[in-house]
Amino acid sequence: MKSIKNYVYTERAHFMCPNMHFGIMAKIESNYDEGQLKQSIDTLQKAHPFLQSLIAEETDTGRFYYQIQDYLNIPVMVKEEAALWQQDYEEISVRGWNVMNECLLKVVVYPKENEFQILFIAHHLLCDGRGLLQLAEEFAEHYANGVIPQFAPERLIQCLNDLPSNSDLPLISKLIIGDANRRWKKEGQQVMYEEYSTFERAYIQKHKMKREIFTICNQELEEILTLCKQHSVTVNDWLIAKMMLEENTNKVVIAADIRNQAKCYRQGAMGNYSTAFGVSVKKNGENVIILAKRVASQVINICQHPRKEMLVLACYIHMQPELIDAVTISTLGDFGSKAGTFIGRNMFGYGSQNGYSITNLGKIESNIIAEAVFIPPASPANKKTWGVLTVNSHMKICVSNLIAER
């Protein structure tokens with residue numbers, strides 16, 4: 001029986017966008033054993049088809065899809081100095097990522113006598129942030145306790161029917177995208193992946209990342225949790241308000257998990273099951289809770305209306321896939337497409353490159369993962385991105401700042 005191909009649809013924006021990889025650095029409280037680590041990585045790979053896949057192109061249609069390989073190596077690098085993990089992450093980033101011949105996951109390990117740290121770096125075509133956190137937890141459980149993760153077949157979002165009812169675009173958005181699609185077809189162009197890869201490497205080398213890690217724990221975190229509960233706002237609302245005040249911005253884009261809403265999602269599967277939407281609130285004064293209440297009201301409103309919550313995914317579904325491929329290289333590179341540049345500047349935020357974004361992976365408790373930090377993807381649309389993860393009541397915020405070389 002011929003297997004159903006997982007085609008790249010809403011993931012096209014991550015397919016040809018620099019810095020669309022991200023990571024989790026976790027401290028594992030267990031003795032390091034090289035053979036056991038390899039066995040755990042192999043077991044993880046067997047449970048997830050995308051960990052066994054490269055991106056391939058159909059010769060007759062030009063469509064891209066995930067192609068399972070008979071053997072695909074997940075690269076595992078062993079390093080001595082865990083304090084230099086950010087440097088290691090940057091070195092891997094600068095090399096770029098050829099998804100047609102490289103595994104979608106890369107691993108760096110820092111052994112110590114009674115514990116070790118492990119850095120998972122994933123391309124967005126493998127999963128979203130919550131999917132990578134799941135992989136880190138599955139690895140830890142297998143390594144320490146021999147728990148084998150269940151096999152999880154994947155089926156990605158392919159069409160509007162995979163989203164909640166009433167997720168389609170409003171008429172004006174359909175008209176704008178329809179016009180861009182027509183202009184793209186008239187241009188008669190196509191971005192070749194090799195051309196994009198050259199652009200990606202040059203872009204990443206020129207636009208350096210500065211990262212800082214902040215930790216909130218113990219009494220400080222307890223006070224925040226109590227305050228949020230008293231005022232009926234979430235920690236996420238509080239984080240958005242905090243970023244707005246610290247960065248003096250009225251708008252923050254947040255990533256929202258839609259696993260429980262996507263009709264195609266299968267428990268434990270890799271892939272992208274998140275959407276993103278902007279929260280815009282005018283600031284009056286410096287009170288973080290008052291601002292968080294306004295944020296909460298807007299987030300609730302957006303999440304009650306699929307047309308607002310799923311807007312970015314519906315845009316991708318309506319857009320010509322090859323046009324999505326051209327957006328970044330047209331706006332930020334020298335590929336001459338007016339249709340691509342129009343979409344990049346007006347819909348992807350590449351015109352100002354002044355956005356602010358938060359991805360909060362939530363909280364976990366673990367007796368194996370002592371602590372962890374989430375390194376968020378650094379979209380070229382953003383000036384600053386926060387990646388948030390709370391492990392064992394220690395919230396770590398990784399602040400990623402995109403800095404262009406002069």
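Q: Before we start, how are helices and strands defined here?
A: Helices are DSSP runs of H or I with at least four residues, strands are runs of E with at least two, and both are numbered from the N terminus. This is a predicted model, where local features need pLDDT of at least 70, side-chain atom pairs count only at pLDDT 80 or more, and totals for chains, interfaces and linings use all residues. Residues are numbered from 1 along each chain as its sequence is written, and side-chain values use heavy atoms, with hydrogens and water left out.

Q: OK, so where does leucine 171 sit?
A: In helix α5, which covers residues 171–187.

Q: Buried or exposed?
A: Leucine 171 is exposed, at a relative accessible area of 61%. Buried means under 20%, exposed over 50%, and partly exposed in between, using a 1.4 Å probe and protein chains only.

Q: Switching topic, what's phi doing at asparagine 19?
A: Phi is near 65° there, a positive value in a residue other than glycine. Asparagine 19 lies in the loop between α1 (12–15) and β2 (21–28).

Q: And is that one buried or exposed?
A: Asparagine 19 counts as buried, because its relative accessibility is 4%.

Q: What about phi of asparagine 166?
A: Also positive, near 65°, and again the residue isn't glycine. Asparagine 166 is in the loop between α4 (129–145) and α5.

Q: How accessible is asparagine 166?
A: Asparagine 166 is exposed, with a relative accessible area of 63%.
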